[in-house]
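These are my notebook entries on one protein model and its two ligands. I begin with the ligand sites and end with the overall fold.

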Amino acid sequence: MEKEIVLSGIRPTGFLHLGNYFGAMRNYVRMQDEYNCYFFVANWHSLTTHPDTKTLQESVLRVVAENIACGLDPEKVSLYVQSDVPEIAELYLYLNMLAYKGELEKTTSFKDKVRMQPENVNAGLLTYPVLQAADILIHRAVKVPVGKDQEQNLEMARNFAERFNHRYGETFPLPYAFNYNSELVKIMGLDGNGKMSKSENQMTTLFLADEDEMIRKKVMKAKTDQGPLTPNSVKPDYIQNLFTLMGLVSTADTVKKFEDDFSNSTEGNCIIRYGDMKKQLAEDMVNFINPIRSKAADLQNNKELLFKIIHQGADKARASASATLTIVRNAVGMNY
Ligand code: ADP
Ligand code: TRP
């Protein structure tokens, strides 16, 4: 049986963090044996918000290195850079004719970005979901491992694919967001506010490139409170987030101990010690991030190897992309 096609992308707009790892990259690594995988660095997308390209190449290579350090095997998957596959831009053009200004203006990420950069509301920002749909449909991918924040973009990709199929004949299968657990993951910042993000508060985001001491410092500063007031109380978001992180990097026994301490705590008899919990979390986090950081650093010192990897990835991606584009051109009638 043919393997199902998987695709995902990450923007090179900064250092990768735990949200990227648990929302996206961990799934990439698990999917590489079972599926026919395409993973890429979305450098065109980054131009919508980061028009200054002075550090772009370095960021692109770092994203590639960090993905490999997390366990992606460039021999098994196609690991490439978006701008090396010009076929995507042509598909983007066709899809743009099927996307409406009104629906693009309504997306939450567009509205957020208009608020963040009112001086630069460019057309690329508006059509960001169209380019993302082209990224996915160019390989006729069906599974897209991403975090919860990408659900709306995936819904739009399905709409554009359906519209194309309806107008020009059945061409694209419909793509869906994918996570091994039934729920898509969202890692919040260490202050419990918003998601961990490349561009937001640096002190509340744990980066895969953070030094051990920095990791300890950030975890110890994470927001807590005086402890639960009644047994088995509902956890506030920021406390739940510490447990979520612990669930991801600590042993089951450790998590259980702190869960029990939390459940048994009451006003006047607080058993859970958030200071101890954060110390334990910090050490487990250091043990988790340290090997990824050093492997990524080694790779970044070997630019020649990184270039070889992305060129090989682009060759694989272009073979698949040009096959799709032939089908698309025939469907639209652009085959002279
Ligand atoms: P950022 O928002 O930090 O710029 P991207 O938008 O480039 O990150 O996201 C790359 C991938 O990481 C996407 O699949 C996205 O869903 C996932 N991701 C980003 N932040 C988080 C988070 N805090 N929790 C879960 N997944 C996340
Ligand atoms: N928009 C995605 C993000 O911000 C990045 C991305 C671009 C992407 N193209 C994609 C993700 C295609 C999945 C599939 O995270």
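Which polar side-chain atom lies 2.5 Å from an oxygen atom of ligand 1? I looked this up and found that it belongs to D149. I counted as a polar contact a pair of N or O atoms within 3.5 Å; within protein, one must be able to donate a hydrogen and the other to accept it, and residues adjacent in sequence count only if both atoms are side-chain atoms.

Basis of the entries. I note that this is a predicted model, in which local features need pLDDT of at least 70 and side-chain atom pairs count only at pLDDT 80 or more, while totals for chains, interfaces and linings use all residues. Residues are numbered from 1 along each chain as its sequence is written, chains are lettered from A and ligands numbered from 1 in the order in which they are written, and side-chain values use heavy atoms, with hydrogens and water left out.

Ligand 1. I listed its surroundings, taking a residue as near if one of its heavy atoms lies within 4 Å. The shell holds 17 residues, and the closest are H17, G147, D149, K195 and K198. I sorted this shell into five nonpolar, seven polar and five charged residues. For that sorting, Ala, Val, Leu, Ile, Met, Phe, Trp, Tyr, Cys and Pro count as nonpolar, Asp, Glu, Lys and Arg as charged, and the others, Gly among them, as polar.

A side-chain N or O atom of K195 is 2.6 Å from an oxygen atom of the ligand, and a polar backbone atom of G19 is 3.1 Å from one of its nitrogen atoms. Ligand 1 alone exposes 530 Å², of which the protein buries 96%; I took the areas from the Shrake-Rupley method with a 1.4 Å probe.

Ligand 2. I found 14 residues around ligand 2, with G9, Y128, Q132, D135 and Q150 nearest. Nitrogen atoms of the ligand figure in each contact I recorded: 2.7 Å to a polar side-chain atom of Y128, 2.7 Å to a side-chain N or O atom of D135, and 3.1 Å to a polar side-chain atom of Q150. Taken alone, ligand 2 exposes 370 Å², and the protein buries 90% of that. Its shell divides into seven nonpolar, five polar and two charged residues.

Overall fold. I read 14 helices and five strands in the protein, as DSSP runs (helices H or I, at least four residues; strands E, at least two) numbered from the N terminus. The C-alpha trace spans about 80 × 50 × 45 Å along its principal axes.
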